[in-house]
Amino acid sequence: MRRPTVVTVAKRAGVSIASVSRVMNGLPASPNMERRVRAATAALDYVPDARGRSLKAGRTMQLAFAVADIANPVYVEMMRAIDERTKAAGFRLVLHSTGSDPVNEIDLIEGLGRRYVDGLILSPLRITPEHLSALRASVVPIVIIGSLPDEEPIDSVRADSRRGVGLAVEHLVAAGRRSIGFVNGDPRTVPGTARQEGYLAALAAAGLKYEARLEAVGGEFTYAAGHAAARKLFSSARPDAVFCADDLIAVGAMRALADLRLRVPEDVAVVGMDDTELARMSTPALSSVSLGSAERARLAAGLLLDRLKDPTLAPRHLTVAPHLVVRESSGGPSVISA
C-alpha cells in the first residue's frame with residue numbers, strides 16, 4: 001500500500017493542499033478546516049514527513065517526555081495521551097526515565113541546548129531550586145506536569161491531590177469508617193507532601209483525631225513499598241479503612257491484608273489514588289481517586305504545542321479537578337466529583 005501524502009489527505013478532507021499544510025504546520029486555520037484535516041489524517045493514518053518539515057521550520061519535529069518511571073501505570077496513561085496529541089501535530093515523542101533523580105532531570109533540561117528535541121514535558125516528583133534555575137534558562141519550551149510556584153514563568157498542569165484525598169476520606173467516613181489509616185510513598189516528594197497534607201486536613205474536617213500509629217511510609221510509590229508499609233501499619237494498629245497514596249501502594253496493601261487474613265472491604269476498606277488500569281484489574285476492584293492523568297497529559301501537550309506556535313504567550317498554570325471512583329474495595333460502584 002502506498003504511503004498517504006498531503007495530496008490524498010487534501011482529497012479526503014475536501015480542502016486544498018495549502019489548507020492541509022497550514023493545519024499540519026500549526027498555522028491559523030478555521031475550526032471546521034482543522035477538524036476536517038485532522039479527521040482525514042486519522043482515517044488515512046497519515047504521518048507528515050518530519051525530515052522535510054524540520055528543514056523548512058528549523059525544527060527536529062521531536063518532543064521529549066520525561067518521568068520518574070516509565071513502567072508506572074500513571075505515566076503509561078500520560079504517554080499515550082501525549083503521543084496521540086503530538087503525533088496528530090506531526091511530532092515524534094522521545095521518552096526518558098529519570099528514576100526521580102534531580103541530577104538526571106537537571107542534566108536532561110540543560111542537555112536540551114543540543115536541540116535534539118523542540119520541547120519537553122517533564123513530570124518530576126521533586127522541584128528543587130536547581131530545577132527552577134535550569135527551567136528558567138532552558139533554550140526550548142518546557143511544560144511541567146506537577147506543581148510550580150504561581151510566579152514561575154513556566155507552563156504547568158497540576159492535580160489537586162489535597163482535594164482528592166478529601167474525597168476519599170469523606171467517602172470512607174460516610175461509609176461508617178472511623179479509624180482511617182494512611183500509607184504514603186515518599187513524603188519528601190511533591191505528591192507525597194500533598195497527599196499527607198490532604199490526609200491531615202481531611203481528618204480534621206471530618207472531626208477525626210490524627211494518630212501517628214495510623215500512618216505508614218513506604219518510601220516509594222511501588223507495590224513492594226505498599227505491601228511492606230501496610231504490614232508494618234497493621235502490626236501495631238487495626239484501622240477499619242486505609243487510604244493509599246497511589247494504586248500501586250494500594251494493591252500492595254491489599255496483598256498484605258490478605259496475608260493477615262483480613263477481608264477487603266468487610267474488615268478494612270481500601271482506597272487508592274490515580275485510578276489507573278491497575279485499579280480496575282485488581283481483586284477486589286480498587287476504589288481510587290482519579291487525578292485525571294490522561295487529561296493532564298493532553299493539556300500539557302496542548303500547552304507545549306501552543307508555546308511552539310507562539311513563544312510570546314503568557315505562562316499558564318492549569319489545574320485538573322479530581323474525582324473518586326468507588327469500586328468493591330470500599331463498598332460499591334459510583335463516581336464522586338470534587
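This is a predicted model: local features need pLDDT of at least 70, side-chain atom pairs count only at pLDDT 80 or more; totals for chains, interfaces and linings use all residues.

Guide: Helix 9 covers residues 190–205, and it's joined by helix 5, strand 5 (155–159) and helix 8 (161–174) as the elements that give two or more residues to the lining. What sort of residues are they? Sorted by class, the lining has 14 nonpolar, eleven polar and eleven charged residues.

Helix 5 (residues 73–88) packs against helix 13 (residues 293–309), with axes that come within 8 Å and cross at roughly 40°. That angle is why helix 5 counts as oblique to helix 13. The crossing between helix 5 and helix 13 is right-handed. On the helix 5 side, the residues that touch helix 13 include Val74, Glu77 and Met78, and among their partners in helix 13 are Ser293, Ala294 and Arg296. By class, this contact of helix 5 with helix 13 has eight nonpolar, three polar and four charged residues.

There's another helix pair to look at. Helix 10 (residues 223–236) and helix 11 (residues 247–259) pack at about 45°, with their axes 7 Å apart. Helix 10 and helix 11 are therefore oblique to each other, and their crossing is right-handed. Helix 10 brings residues including Tyr223, His227 and Phe234 to the contact, while helix 11 brings Leu248, Ile249 and Asp259, among others. That contact of helix 10 with helix 11 has nine nonpolar, three polar and three charged residues.

Most residues other than glycine have a negative phi, and most peptide bonds are trans. Here, though, the bond from Val264 to Pro265 is cis, with omega near 10°, and you'll find Pro265 in the loop between helix 11 and strand 9 (269–273). Thr283 and Pro284 are also joined by a cis peptide bond, with omega about -5°; Pro284 is in the loop between helix 12 (277–281) and strand 10 (287–290). Then there's Met61, whose phi is positive, near 60°. Met61 sits in the loop between helix 4 (50–57) and strand 1 (62–67).

Key:
Residues are numbered from 1 along each chain as its sequence is written. Side-chain values use heavy atoms; hydrogens and water are left out. Axes are lines fitted to C-alpha atoms, for helices over the stretch in contact, and angles run from 0 to 180 degrees between N-to-C directions. Helices (H or I, at least four residues) and strands (E, at least two) are DSSP runs, numbered from the N terminus. Angles under 35 degrees count as roughly parallel, over 145 as roughly antiparallel, 65 to 115 as roughly perpendicular and the rest as oblique. A crossing is left-handed if the near helix is turned anticlockwise from the far one by less than a right angle, and right-handed if clockwise. Contact means heavy atoms within 4.5 Å. Ala, Val, Leu, Ile, Met, Phe, Trp, Tyr, Cys and Pro count as nonpolar, Asp, Glu, Lys and Arg as charged, and the others, Gly among them, as polar.
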